[in-house]
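Hi,

Here is the structure I said I would pass on. Have a look at it first, and my notes follow below.

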Amino acid sequence: MANDFKSNSKSNIAIDSGTYSTMYTALLDKETILLEVDIANTSASDVTVDVKINKNCRATTGVDDVFLVKSAPVPVGGALKAVSGQKIVLEGSSTGLDTITVAASAANAADCIVSYLEDV
């Protein structure tokens with residue numbers, strides 16, 4: 001088992017119109033610890049952001065979309081630490097792969113970076 005610290009980033013995350021930007025998808029038969037999710041407002045206006053975990057791996061409980069933050073305000077020039085300090089486990093199994101997704105209230109308005117420990 002090789003524990004690997006990694007990060008994914010995306011500029012101009014999706015606008016919340018039913019579509020979210022996927023920031024990470026768990027590996028099959030592996031666990032990942034989500035360490036941090038940071039979102040920066042890159043626009044000239046205030047925005048709100050959503051961060052959601054899509055729990056897909058549990059056959060007995062089915063798919064469960066869980067918001068970590070919903071419509072959280074991010075002022076001009078500001079940033080939001082949606083995950084910081086706590087540890088969230090993402091799993092992958094033959095029944096599905098957990099994902100972390102993000103969206104903003106306006107297009108071309110926010111950037112996101114997620115950091116995680118993979119294959120734990």
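V37 has V114 of strand 9 as its bridge partner. Strand 9 (residues 110–118) runs antiparallel to strand 3, with nine bridges joining the two. Strand 3 (residues 31–41) is also joined to strand 6 (residues 79–93), again antiparallel and through nine bridges. On that side, T32 has L90 of strand 6 as its bridge partner. Pairing here needs at least two DSSP bridges between two strands; strands are DSSP runs of E with at least two residues, helices are runs of H or I with at least four, and both are numbered from the N terminus.

A caveat before the rest: this is a predicted model, where local features need pLDDT of at least 70 and side-chain atom pairs pLDDT 80 or more, while totals for chains, interfaces and linings use all residues. Residues are numbered from 1 along each chain as its sequence is written, and side-chain values use heavy atoms, without hydrogens or water.

As for the whole protein chain, there are nine strands and zero helices. Its radius of gyration is 14 Å, close to the 14 Å from the globule rule for 120 residues, so the chain is as compact as a globular protein of that length (C-alpha atoms; the rule is 2.2 Å times the number of residues to the power 0.38). The C-alpha atoms fill a box of roughly 45 × 30 × 20 Å along the principal axes. Of the 120 residues, 41% count as buried (under 20% relative accessible area, 1.4 Å probe, protein chains only).

Cheers

Methods:
Buried < 20%, exposed > 50% of the residue type's maximum accessible area, 1.4 Å probe, protein only.
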